[in-house]
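Visitor: Can you walk me through this one? I'd like the hairpin and the helices.

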Amino acid sequence: MANRITIDPITRIEGHLRIDVEVNNNAVSDAWASCTMWRGIENILKGRDPRDAWLFTQRFCGVCTTVHAMASVRSVEDALKLEIPLNAQYIRNLILIAHALHDHIVHFYQLSALDWVDILEIPKADPVATAKLAESLSPWTRNSKTEFKAAQDRVKAVAASGQLGIFMNGYWGHPAMRLSPEVNLLAFTHYMQALEYQRKALQVVGILGGKTPHIQNLTVGGVSNAIDLDSTSALDMDKLETIRVLLTEVVQFVNQVYFIDVCAVAALYPDWFKIGKGVNNYLAVPDLPLDSAGSFYDLPGGYIVNGNIGSVHPFKTASDKDFRDGVSEDVAHAYYHGDKPLHPYKGVTDPDFTGWDGDKKYSWVKAPRFNGAPMQVGPLAQVLIGYAQGHPLTRKYAGLAIETIGSVGHIQVTPGMLESTLGRHGARAIRAAMLAELAQKHLQLLIDNVGKGDYAVHNPPVFDSHESEGVGTHEAPRGTLSHWIVVKDGKIKNYQAVVPSTWNASPRDASGAHGPYEASLLHTPLARPEEPLEVLRTVHSFDPCMACACHTFDPSGRQIAKVKVL
Amino acid sequence: MRKVLIGGIGNVLLGDDGVGPYVARLLAARYEFAAGVEVADLGTPALDLIDHFTTNDAVILIDSVNTEADPGTVLLYRKPDIMRHSPAVRMDPHSPALVDALLSAELFGVAPADVLLVGIKGESYEPVCDLSKPVKASMEQAIAEVLGELDRLGVEYRRRQNPAEPGIWWATAEQMETPLAT
């Protein structure tokens with residue numbers, strides 16, 4: 001008989017992502033992804049000034065603040081057909097890149113590494129052997145016996161105290177954990193070091209954006225940074241130099257630590273290249289524009305249907321007509337009123353909460369579809385779409401990852417293996433390495449442009465009484481983000497945000513087609529169904545974020561996930 | 001110089017969840033603080049809280065809380081009260097919030113000894129930019145608790161002669177017209 005397992009973290013007033021899986025013979029036979037919280041924040045924007053929208057959208061989510069700010073100003077600029085100065089593009093691009101590097105590092109080390117790394121094996125490791133192993137993998141200078149020993153001592157102290165603290169809820173000793181004590185120690189040491197480098201990436205966002213977590217330098221038509229190479233109150237040479245130094249350190253961490261660790265973990269869990277494929281339609285938008293109009297980009301976009309990499313459809317621009325016309329949202333299984341899929345410009349957010357029912361409605365997330373089909377978004381989609389188009393930077397780092405995994409694991413790796421749970425981690429590391437290179441490029445582009453005497457940062461928007469529509473997109477750390485705005489008489493008439501995790505955490509649609517999380521979990525083997533580590537591995541590989549942050553502290557102690565086996 | 005963070009936590013678009021940022025902005029508008037004190041609207045940070053714990057000597061946070069108490073009740077939690085909870089299973093980047101951040105900072109051996117959470121029991125977390133009446137009425141007490149903690153820590157502050165505009169940009173016009181005790 002089938003068992004039903006529910007994973008439902010009760011960390012907030014309403015919780016966030018909930019996963020239900022049906023288990024038959026120790027494998028997942030069906031899955032449901034749901035968001036347990038009402039998503040109606042967009043309604044707050046109706047009637048407001050479009051120039052202020054980004055301040056509000058920046059508060060959609062406490063983790064992805066800047067991405068929602070950026071998509072919002074881009075949506076208004078698209079509606080007004082407003083170009084922005086080159087400096088503004090470069091400054092925005094640098095903020096987006098720095099935020100993404102921060103986010104990818106945090107995701108791997110803080111949010112998913114411990115799915116693969118067994119903390120309780122660490123005391124058994126030999127720090128000397130660990131240093132030797134590390135040296136064979138990377139030139140990272142902090143791979144020293146001293147650092148490994150210090151990290152191991154911390155874990156030993158925690159284990160000896162009997163108070164596992166931050167490690168209390170891990171699935172330690174689980175049969176699906178298979179790294180040697182030395183590899184566990186290596187990864188854990190980098191988990192601690194990662195905190196320093198993600199902070200440096202965030203400092204770059206702070207210098208350019210004025211503040212973190214909520215940047216202050218955006219404006220519809222550009223940015224509000226004053227550029228004056230000789231004034232300490234403006235963006236001057238000193239600040240640009242500080243950014244260069246910070247980026248250099250972050251880039252080094254990405255190349256010598258994060259990228260290598262992901263490849264090494266992947267090489268040591270090769271069976272996870274066969275698990276977690278799921279929906280193999282992929283969608284990404286072009287990003288990091290290189291001109292004022294947004295006609296050339298450093299990251300390519302497009303879409304792939306049924307894993308057919310040979311027939312990729314490229315998007316020419318970030319608001320490509322094919323993209324604009326192809327998106328709709330279905331609410332057949334979401335807690336909203338509505339009887340047919342609607343385009344975001346016509347989108348309605350009218351709640352109809354009926355309680356969790358896997359056969360009927362079960363999620364607050366709408367089901368976005370592209371040309372009627374569910375799409376997987378995120379670094380994997382972006383890397384596959386770039387690879388398929390022969391994008392040189394994507395090919396460079398995808399090739400390096402394939403080579404590194406192959407040499408560590410003595411296995412033959414093909415690009416098709418990226419379509420898996422581990423492939424999503426691999427693709428994120430490939431993307432991070434690409435962004436690391438682009439960070440330095442865009443900083444130099446900014447410096448060179450300013451060096452020519454161009455200090456322009458803003459083109460003022462002009463509103464008229466006509467109704468106009470615009471889409472602002474951003475290829476965010478978790479994938480394609482789009483904000484859809486309808487402006488009339490200088491006010492917001494309608495606003496919809498279709499966020500990356502909406503694509504990936506989508507419930508079924510009217511035809512019954514699973515969303516990407518759901519499809520990726522099907523057939524996953526579970527060693528111990530009551531400890532569904534394998535489910536978490538695949539869900540975490542998408543980097544879920546439900547974009548509806550409510551942050552109330554619950555002092556009653558109910559801050560643990562409810563893993564229910566029915 | 002002692003580094004002290006006074007941080008308002010919460011989502012200003014979700015009703016009473018916005019009380020933390022609101023209180024932080026009122027404090028910054030009305031008072032001047034000794035060097036080393038930072039007053040910040042932190043929004044809804046998750047793991048970024050670790051950085052705040054590792055880079056300050058004392059941390060005072062203001063956040064909405066979920067308890068059995070009546071809406072608007074102000075409750076204080078010290079470090080051990082927060083640390084006795086289990087960390088969450090990390091489903092998404094929001095999950096590792098206050099408890100996890102503090103436990104992580106403690107693991108790295110750098111969490112400050114002085115941590116105070118000034119909690120305010122919320123009434124409604126619907127997507128609106130206003131606070132409920134009981135929560136709004138509780139803000140003066142929350143401010144007094146923050147100042148009391150500064151007194152206890154021996155950190156100086158003084159009332160501004162001309163209070164600044166608190167910059168509650170998200171609030172509706174109607175709410176802004178409601179006079180706040182200053």
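Guide: Here is a short tour of one hairpin and some helices. This is a predicted model, where local features need pLDDT of at least 70, side-chain atom pairs count only at pLDDT 80 or more, and totals for chains, interfaces and linings use all residues. Residues are numbered from 1 along each chain as its sequence is written, and chains are lettered from A and ligands numbered from 1 in the order in which they are written.

Visitor: In which sense do S2 and S3 of chain A pair?
Guide: Antiparallel, over 8 bridges, with S2(A) at residues 17-24 and S3(A) at 27-35. Pairing needs at least two DSSP bridges. Helices (H or I, at least four residues) and strands (E, at least two) are DSSP runs, numbered from the N terminus.

Visitor: What stands opposite Arg18(A)?
Guide: Ser34(A), in S3(A).

Visitor: And which residue of that hairpin takes a positive phi?
Guide: Asn25(A), near 50 degrees; the hairpin has 2 residues between its strands.

Visitor: New topic. Where does H6(A) bend?
Guide: At Gln193(A), by about 35 degrees. The bend is the angle between axes fitted to the seven residues ending there and the seven starting there.

Visitor: How many of its 29 residues are buried?
Guide: 21, so H6(A) is largely enclosed by the rest of the structure. Buried means 20 or more other C-beta atoms within 10 Å of the residue's own, with C-beta atoms placed from the backbone.

Visitor: What comes just after H6(A)?
Guide: Gly210(A), with a positive phi of about 90 degrees.

Notes
Buried ≥ 20, exposed ≤ 12 C-beta atoms within 10 Å, placed from the backbone.
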